[in-house]
Amino acid sequence: MDTTQLDGAHVTVVGLARSGVAAACLLQEAGALVTVADRKDRGELLGVLGSLDSTATRLVLGSDYESALDQAELVVISPGVPYRLEALERVRRRGVRVISELDLASRFLSAPILALTGTNGKSTTVTLIGKMLQESGKRTFVGGNLGTAISEAAVQSLRACKMGRPCPYDALVVEVSSFQLETVERFHPWIAAILNVTVDHQDRYESIDEYIAAKNRIFENQTPSDYALFNLDDSRVATLRRRAKASVLGFTRAQSLPSDLRGGAYLNRDRIMMNIGGQTHEICARSEVKIIGDHNIENAMVAATYAFLSGCPLGIIRQVLRDFPGLEHAVEVVRERRGIRFINDSKGTNVDATLKALESIDQPIWLIAGGRDKGGDFSRLAPAIRRKVKRLILIGEAAPLIEKAMGGYPALERADTLKQAVEVAASGACLGEVVLLSPACASFDMFADYQDRGRQFKVLVQSLPE
């Protein structure tokens with residue numbers, strides 16, 4: 001269904017999360033007759049419902065929410081809605097399209113879309129790209145899976161079009177999750193990348209191959225005039241480049257790029273280098289990148305490549321890399337107390353994210369981990385924990401699984417709450433050590449989301465007496 005066919009069409013939005021609300025508002029702006037469905041009841045959704053125009057929206061909530069699909073001519077699903085639901089399969093069998101909010105929004109946008117996906121590092125990299133473009137004077141939207149739903153940008157673009165004005169954005173920098181990519185049809189980024197792929201969301205996917213296939217759909221609608229960027233150091237990602245239809249670029253911590261690529265970024269000893277269009281440029285020394293960790297050197301390479309392709313001057317790229325302190329909840333230094341650093345890595349919701357956090361810290365670590373298991377292999381943490389962690393404090397539903405995976409690691413204990421875990425670590429850690437919250441798990445057993453978990457950690461840390 002084209003955007004011009006939405007006027008008067010019956011469209012059902014399933015899932016009243018942030019992106020679902022944004023999709024409903026976009027569809028209303030386009031003239032559609034919108035029904036919003038969610039399995040939660042009205043009492044659970046009071047905070048969200050206030051964002052909708054109740055006079056123009058039909059609500060179907062609670063156990064009967066699937067009935068909202070009966071008359072739909074198009075269905076838009078939020079990322080948290082499993083695309084294999086039997087109710088959605090029935091819709092497909094009668095010829096109705098089921099698309100993601102991401103795909104819907106992209107149909108209303110004329111400015112170039114700069115999209116990236118990956119298991120870890122998406123939010124940091126998208127934020128870096130956005131800052132570089134904004135500093136160079138471009139009107140830039142930054143969002144998607146990170147923060148603001150892309151449908152909000154589409155609403156602004158549609159309103160501008162109705163008033164005869166140009167698109168209010170020069171570029172849209174979009175973080176994309178595998179969940180959003182599962183049901184794309186026309187989503188077409190000018191630049192797209194997969195940062196990395198590690199085992200994650202195995203509570204949703206039947207195999208790692210299925211997870212990778214979802215990620216790989218970011219390149220599906222690209223053409224030779226677009227760019228596709230691949231992590232050459234990740235074997236699962238590097239092989240995907242052979243199927244790309246766009247101009248293929250790469251990034252690597254090696255000292256050169258393979259000859260089959262059109263360019264990319266690499267490390268020459270301690271210098272971050274970039275080769276685009278046959279010309280080589282030095283970005284900066286790796287020591288000048290303010291955010292810590294080798295994984296953030298990769299993120300810096302990707303951001304620099306996107307920004308340079310978009311016309312951002314090298315001087316601005318360098319300055320942003322030197323100044324950017326990192327994201328909240330991503331290896332974020334909260335406080336130093338009595339010579340002990342407290343670091344919030346609540347965004348570390350899978351095993352590989354926690355491994356990267358551990359490797360980025362040189363001091364002895366008191367690690368607080370645990371939460372809701374997403375099907376991760378916690379045994380992969382054991383070598384790093386034995387090497388770098390002085391004491392492991394476990395919380396949440398996955399605590400027994402992690403303890404078992406540690407294979408008798410002796411310096412381990414459980415805490416009933418995050419508060420108790422912080423207090424244990426604060427009283428036991430010594431001068432020069434680090435207390436790190438990096439859960440390797442989802443947050444939903446004890447918290448609203450990873451942001452809630454991280455902010456509660458920060459409040460607890462800040463409330464510790466001097």
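Author: In what follows, Lys and Arg count as positive and Asp and Glu as negative, while His and the chain ends are not counted. The place of a charge is taken as NZ of Lys, CZ of Arg, CG of Asp or CD of Glu. This is a predicted model, in which local features need pLDDT of at least 70, side-chain atom pairs count only at pLDDT 80 or more, and totals for chains, interfaces and linings use all residues. Residues are numbered from 1 along each chain as its sequence is written, and side-chain values use heavy atoms, with hydrogens and water left out.

Reader: How far apart do the centres of the positive and negative side chains lie?

Author: The protein chain carries 56 positive and 56 negative side chains. The centres of these two sets are separated by 3 Å.

Reader: What radius of gyration does the protein chain have?

Author: The radius is taken over C-alpha atoms, and the globule rule is 2.2 Å times the number of residues to the power 0.38. For 466 residues, a compact globule would therefore have a value near 23 Å. The protein chain agrees with this, at 23 Å.

Reader: Is A228 buried or exposed?

Author: A228 lies in strand β10, residues 227–231; strands (E, at least two residues) are DSSP runs, numbered from the N terminus. Buried means under 20% relative accessible area, exposed over 50%, and partly exposed in between (1.4 Å probe, protein chains only). Because its relative accessible area is 0%, A228 is buried.

Methods. Helices (H or I, at least four residues) and strands (E, at least two) are DSSP runs, numbered from the N terminus.
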